[in-house]
Amino acid sequence: KVAIKGIERELICPACKELFTHPLILPCQHNVCHKCVKEILFAFEDSFTDGGSESSNQSSPRIKIPSASMDRIDRISRTGIKRNSLTPRSSLFPCPGCQRDIDLGERGINGLFRNFTLETIVERYRQAARAAVAIMCDFCKPPPQESTKSCMDCSASYCNECFKVHHPWGTAKAQHEYVGPTTNFRPKILMCPEHEMERVNMYCEICRRPVCHLCKLGGCHANHRVTTMSTAYKTLKEKLSKDVEYLISKESQVKAHITQLDLLLKETECNSERAKEEATQSFEKLYHILEEKKSAALRTIETSKNLRLEKLQMQAEEYQGLLENNGLVGYAQEVLKETDPSCFVQTAKQLHVRIQKATESLKSFRPAAETTFEDFVVDIAKQEEILGDLSFHSNGLEVPEINEEQTKMYNKALISWECPGKTDSADIYVLEYHKINRGEESTTWQEVEVCSKSKVIADLDDDSSYAFRVRGYKGSICSPWSREVILRTPPAPVFSFLFDDKCGYNSEHLLLNPGRTSVESRAGFPLLLGSERMQVGCYTTLDYIIGDTGIAKGKHFWAFHVEAYSYLVKVGVVSSDKIQKLFHNTHDVTSPRYDQDSGHDSGSEDAAFDSSQPFTLVTLGMKKFFIPKTPAAPKDPASRILPLPPRLGICLDCDKGKLGFYDAGCMKCLFECEVDCSSTMYPAFALMGGAAVHLEEAITAKYGEYDDI
């Protein structure tokens, strides 16, 4: 048998790092103290309320939440939990054991089982650790006596006298079950947390947890595969016993592995010291080079300084001599006292030349040397960048490349990358990004460690550009940085909606997918039947569909994809007071000579763009984007036809009355117009012939974060 003192590591809560107290079994099968679960959830709620402040995260001095868990709590609190009336309430819990965000379901903590088996083992460990410490009676008057037995029905410990008083013969309490002194009281029957009056009698093989018959009949386990509790007990016990016996039978092999690991530990220590010495020598070489460069630079500056000081000093002395009775002027005054003409002329000629030079220097004073040392500024920008990338030799680890086709920016940023050679892939990647601000010389990169080849980045500012780069790590070796990729966020917060299948939806001509995120117009039988009503020069009517959510104020952005085969699609917005006119408009027959926004140059587009329509739409089709003819639009028809972007975006600013159409890939505005936002506005779409529109799916954690598990 394994000694009880040898299993302490299995009895430590991953949150508080202490022995388990009333442990709960999480859906991920890890155990956490009941109190720790509550404190982590309270920390989550506090960060949700207080904006994730540092003080609110540390809600209790007892719990020691790892920084990674706190980062996930902050991320969850920033992202929020989106719910509506049709979605059951759920609680996300960052498990400190596996570092995953676990959904506790609608009941939260109340839906978790207590691990009574683990409690019993912990209690045996506590008793072994405190063999000399007795459990005292709960009912004795001070001073309490040492307890001799514990009642499992009363959940209390008694000395002999108190037990007789509280369990008299001939009463129901006399039939209570009692054991030796203990502090671990467990119920005789395990009850279902979902249905508190029902005992668990089955085991769900899908969820790996005990359930009652009501859970199977009409609960969340109705369609799951279950087995009887006795069968599950027998099966799991046999498996566990076999595995334990196998491990015990391999004890010699385990000891050999331990011996090998001990050698590897010593070898790792020696190799790490050798690597430290080599790294120290490398940096010492750099220090030596820098010291030499520093000494040479300082010597050059010192030499230049001395030369300049000498020149300026000589110039100062020359000007000092121009003062009366001093230097040159004093000497000239003495020469002027000479009365012999021949002697005077002999001396005065050279003196006069010097006086003339001094006079000219007074007229145009110029220092003999510069005082600034701008030419001696050391440019270390490239060296700083190189030193910033200084790391261990990559040893063939390939440089990852950000895949711009799979990378996209919407409500969050989804960054995907790959290794071109598909070999020597890294164990972990580091993704860095920063906001590009004009005028700022220095940039601070934010760093995220990723175990997969994609990552979702949240909480980016709207209408901003960000630079992204990634590098791979394999052990202590890292690759160079990838090429920087610059992405721009949408000009406004992302607006989420679905296609409305109630208001004006024509199910004969339009086909919605079950999620109401895609709509398709089929040029099939209904179009052929409608051809009887067609006149020469006219097309059939447009089929309109709107979003199920309106916008009353603020600035919002949404994106979608139009299939390349689409013949004619119109996109834009419609006001709530004109929706009926949209679906029952007498002029909804689409003709090149009537539609002001058809994209065809028929010569009848001289009217204003907005005044002719009860709604604001632009035309797409045949892989083209047609800019409506407005006073500000180009007069040349060919200049108003642009290639249709793979993803198109619309930005509605209700406060300013502006509607913009964007290339959602690069967030470039293709066309902007004014729109009346006095009433609630709805996204509007119109299709004719063979066409399809797919709403852009919001980027969620499933894109990248689940791959890290």
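Me: How are residues numbered, and which atoms do side-chain values use?
Reply: Numbering starts from 1 along each chain as its sequence is written, and side-chain values use heavy atoms, with hydrogens and water left out. As the model is predicted, local features need pLDDT of at least 70 and side-chain atom pairs count only at pLDDT 80 or more, while totals for chains, interfaces and linings use all residues.

Me: How many salt bridges does the structure hold?
Reply: There are 15, a salt bridge being a side-chain nitrogen of Lys or Arg within 4 Å of a carboxyl oxygen of Asp or Glu.

Me: Which residue pairs with K408?
Reply: K408 forms a salt bridge with E696, with 2.8 Å between the closest N and O atoms. K408 lies in strand β13 (residues 408-409) and E696 in the segment after β33 (691-695), so the pair ties together parts 288 residues apart in sequence. Strands are DSSP runs of E, at least two residues, numbered from the N terminus.

Me: Is K408 buried or exposed?
Reply: K408 counts as buried, at 16% relative accessibility; E696 is also buried, at 14%. Buried means under 20% relative accessible area, exposed over 50%, and partly exposed in between (1.4 Å probe, protein chains only).

Me: What links K408, R647 and E696?
Reply: A network of salt bridges links them. Within it, R647 pairs with E696, the closest N and O atoms being 3.3 Å apart. R647 sits in the loop between β28 (641-643) and β29 (648-653), 49 residues from E696.

Me: Now K337: what is its partner?
Reply: K337 forms a salt bridge with E334, at 3.2 Å between the closest N and O atoms. K337 is exposed, with a relative accessible area of 58%.

Note on methods
Helices (H or I, at least four residues) and strands (E, at least two) are DSSP runs, numbered from the N terminus.
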